[in-house]
Amino acid sequence: MMNIYTVCFFGHRYIERGTEISDRLDRLLHDLITQKEYVDFLIGRDGEFDLLASAAIKRAIRSNGYGNTHFTLVLPYMKAEYRDNEKEYLDYYDEVEVCAESSEAHPKSAIQVRNRSMIDRADLVVCCIQHKSGGAYATIRYAEKQDKKIVNLADEN
């Protein structure tokens with residue numbers, strides 16, 4: 001049976017030091033793709049970090065091209081933007097899924113519910129947390145409580 005390693009991504013809507021964060025992410029993705037048998041990437045599209053991470057994942061898949069990755073956009077609920085541009089989304093992501101739990105939640109809590117669902121599925125949580133406040137910070141607190149392995153690209157290391 002194939003060993004699937006699931007990685008999810010979270011960060012603030014706005015990020016600082018984007019180039020530095022991007023470089024760290026490139027190195028991490030290279031290591032994951034070259035060292036793991038199969039990597040399943042889960043991501044949302046809710047802010048600057050998600051877009052930066054998506055671009056880095058696409059770069060890593062192109063440059064390492066091992067065919068051992070799957071790239072899934074996880075929506076908190078069906079969005080008109082996706083419905084109206086489904087082909088473009090499916091050209092970019094390997095798969096687009098609507099999270100079952102969050103699609104039934106109140107719209108104000110849907111993103112948080114979707115994020116927790118992604119963490120529950122993940123072996124590794126990659127984040128860019130630069131402030132101890134907001135939804136991304138709350139998401140990482142949840143990941144810590146679940147004893148998930150977490151890499152914060154914003155940490156000075």
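What follows is a short chat about the sheet, a helix and the cores of this predicted model.

Q: What order do the strands of the open sheet have?
A: The six strands run in the order β4-β3-β2-β1-β5-β6, and their pairing is parallel. Neighbouring strands in this sheet are turned against each other by 25° on average, if direction is ignored.

Q: And which strands stand at the edges?
A: Those are β4, residues 95-98, and β6, residues 149-152. Each has a single partner strand, so one side of each is left without a neighbour in the sheet.

Q: How many bridges join β5 to β6?
A: Four bridges join β5, which covers residues 124-128, to β6, and the two strands run parallel. Within β6, N152 is the residue that stands opposite C127.

Q: Switching topic, which strands does helix α2 lie across?
A: Helix α2, made of residues 48-64, lies across β1, β2, β3 and β5, and it runs at about 145° to β1.

Q: What about the largest nonpolar core, which residues have the most contacts inside it?
A: That core has 31 residues, and those with the most contacts inside it are V7, F9, L25, L29, F41, F49 and V126. Two or more residues each come from β1, α1, β2, α2, β3 and β5.

Q: Which residues does L29 touch?
A: Leaving aside residues up to four places away in sequence, L29 touches F9, F41, A56, I57 and A60.

Q: How many residues are in the other core?
A: Another core, lying apart from the largest one, has 15 residues, including V74, C99, M118 and C127.

Notes:
Residues are numbered from 1 along each chain as its sequence is written. This is a predicted model: local features need pLDDT of at least 70, side-chain atom pairs count only at pLDDT 80 or more; totals for chains, interfaces and linings use all residues. Side-chain values use heavy atoms; hydrogens and water are left out. Two strands pair if DSSP finds at least two bridges between them. Axes are lines fitted to C-alpha atoms, for helices over the stretch in contact, and angles run from 0 to 180 degrees between N-to-C directions. Contact means heavy atoms within 4.5 Å. A nonpolar core is a set of buried Ala, Val, Leu, Ile, Met, Phe, Trp, Tyr and Cys residues joined through side-chain atoms within 4.5 Å. Buried means under 20% relative accessible area, exposed over 50%, partly exposed in between (1.4 Å probe, protein chains only).
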